[in-house]
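I wanted to go through this one with the viewer open and jot down what I looked up. My notes follow, grouped by the spot I was looking at.

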Amino acid sequence: MREPLNELFTRARLLTLDFSNIDPATPASQNIQLFFASCVQQGLDPRAPAQRQAFNDRVLQETGARYLVSRYGEDRASMLAGSSIADEGRTLHLGIDIFCRGLETVYSPCDGEIVQTGREPQGHSFGHYIIIKPTGVDYYIFFGHMSADQPHIGPVRAGDTLGSLGDFTNGENGDWSRHLHIQLFRDLPSDANDLIGYSTAKNFSENQLRYPNPSQLFPQLESQE
């Protein structure tokens with residue numbers, strides 16, 4: 001698999017979003033738990049995309065990285081507290097998120113076929129998305145939070161441009177800070193209502209089979225710290 005984003009394999013850094021698992025050596029300015037607490041003290045919503053983008057931009061600037069990458073299966077209960085997802089107990093993330101400053105171009109990581117494009121219209125959703133069926137495998141690759149400029153259904157080659165990341169300023173990415181959500185599906189969803197990005201702890205073993213860890217496609221990211 002090739003890089004879906006330029007320099008992803010060489011300029012990425014881990015961003016831990018599980019408050020209970022943040023390395024104690026993390027600088028205060030790069031600690032998202034402290035960022036959340038600071039926002040609350042100032043009467044700001046730390047989950048607002050503009051606030052999260054400011055935090056991500058600061059970490060990227062301080063570390064010299066181009067991307068911040070989250071881990072599959074990470075528990076985001078603290079970050080999601082008060083949301084409908086958290087109320088349902090779905091706090092374990094079923095994909096990986098790749099955060100960045102700008103509206104990066106996204107490339108196909110493999111040969112295959114673009115089998116579905118679409119949009120979740122509600123806020124705090126995947127926004128515009130693309131699904132690829134790689135050649136010779138039994139899973140689909142899902143890309144969420146894309147721009148409205150989507151590719152045509154049909155064959156695709158590794159390295160072909162799929163589009164660019166969507167922005168929160170116009171709502172096209174589902175109202176999140178700028179990032180790419182990558183998830184694997186065993187079965188093709190029939191419509192946007194079948195898309196889930198989080199699991200309950202109770203159903204996580206089952207959902208691991210339905211939505212395998214996409215890091216297996218990009219082992220280079222597992223070594224990023």
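Predicted model: local features only at pLDDT ≥ 70, side-chain atom pairs only at ≥ 80, totals over all residues.

**Entry 1: arginine 76**

I started at arginine 76, which lies in the loop between β2 (67-69) and α3 (77-80). Helices here (H or I, at least four residues) and strands (E, at least two) are DSSP runs, numbered from the N terminus. Residues are numbered from 1 along each chain as its sequence is written, and side-chain values use heavy atoms, with hydrogens and water left out.

Is arginine 76 buried or exposed? I found it buried, with a relative accessible area of 4%. For the record, buried means under 20% relative accessible area, exposed over 50%, and partly exposed in between (1.4 Å probe, protein chains only).

Next I looked up what the arginine 76 side chain touches. It makes a polar contact of 2.9 Å with the side chain of aspartate 97, and another of 3.2 Å with the side chain of tyrosine 198. A polar contact is a pair of N or O atoms within 3.5 Å; within protein, one must be able to donate a hydrogen and the other to accept it, and residues adjacent in sequence count only if both atoms are side-chain atoms. Setting aside neighbours within four places in sequence, I listed Leu17, Ser70, Thr91, His93, Asp97 and Tyr198 as being in contact with arginine 76; contact means heavy atoms within 4.5 Å.

**Entry 2: helix α1**

I moved on to α1 (residues 32-41), whose buried residues are Ile32, Phe35, Phe36 and Cys39. Looking down the axis of α1, I see these buried residues fall within an arc of 100°, so they line one face of the helix. The arc is that of the directions from the helix axis to the C-beta atoms. The buried residues of α1 pack against α2 (49-63) and α3.

At the N-terminal end, asparagine 31 caps α1, with a side-chain oxygen 2.9 Å from the backbone nitrogen of glutamine 33. Just after α1, glycine 43 takes a positive phi of about 75°.

**Entry 3: aromatic rings**

How many aromatic pairs does a search of the whole structure find? I noted nine. Rings of Phe, Tyr and Trp (its six-membered ring) pair if their centres lie within 6.5 Å; planes under 30 degrees apart count as stacked, over 60 as edge-to-face and the rest as tilted. Phenylalanine 35 and phenylalanine 36 have ring centres 6.0 Å apart and planes at 75°, so I logged this pair as edge-to-face. Phenylalanine 35 is buried at 8% relative accessibility, and phenylalanine 36 is buried at 6%.

Phenylalanine 142 and phenylalanine 185 form a stacked pair, at 5.2 Å centre to centre with 25° between the planes. Phenylalanine 142 sits in β8 (residues 140-146) and phenylalanine 185 in β11 (residues 179-185), so this pair ties together parts 43 residues apart in sequence. I got 0% relative accessible area for phenylalanine 142, which is buried, and 2% for phenylalanine 185, also buried. Ring pairs link Phe126, Tyr129, Phe142, Phe185 and Tyr211 into a cluster.

I also looked for charges over rings, meaning NZ of Lys or CZ of Arg within 6 Å of the ring centre and within 35 degrees of the ring normal. Arginine 52 lies over the face of phenylalanine 99, at 5.2 Å from the ring centre. The charged end of lysine 133 sits over the ring of tyrosine 140, 5.8 Å from its centre.

**Entry 4: strand β8 and its partners**

Seven of the seven residues of β8 are buried, so I wrote this strand down as largely enclosed by the rest of the structure. Two strands pair if DSSP finds at least two bridges between them. β7 (residues 128-134) and β8 pair in the antiparallel sense over five bridges, and isoleucine 132 has isoleucine 141 in β8 as its bridge partner. Their hairpin has five residues between the strands, and glycine 136 in that hairpin takes a positive phi near 75°.

β8 and β11 pair in the antiparallel sense over five bridges. Here the bridge partner of glycine 144 is histidine 181 in β11.
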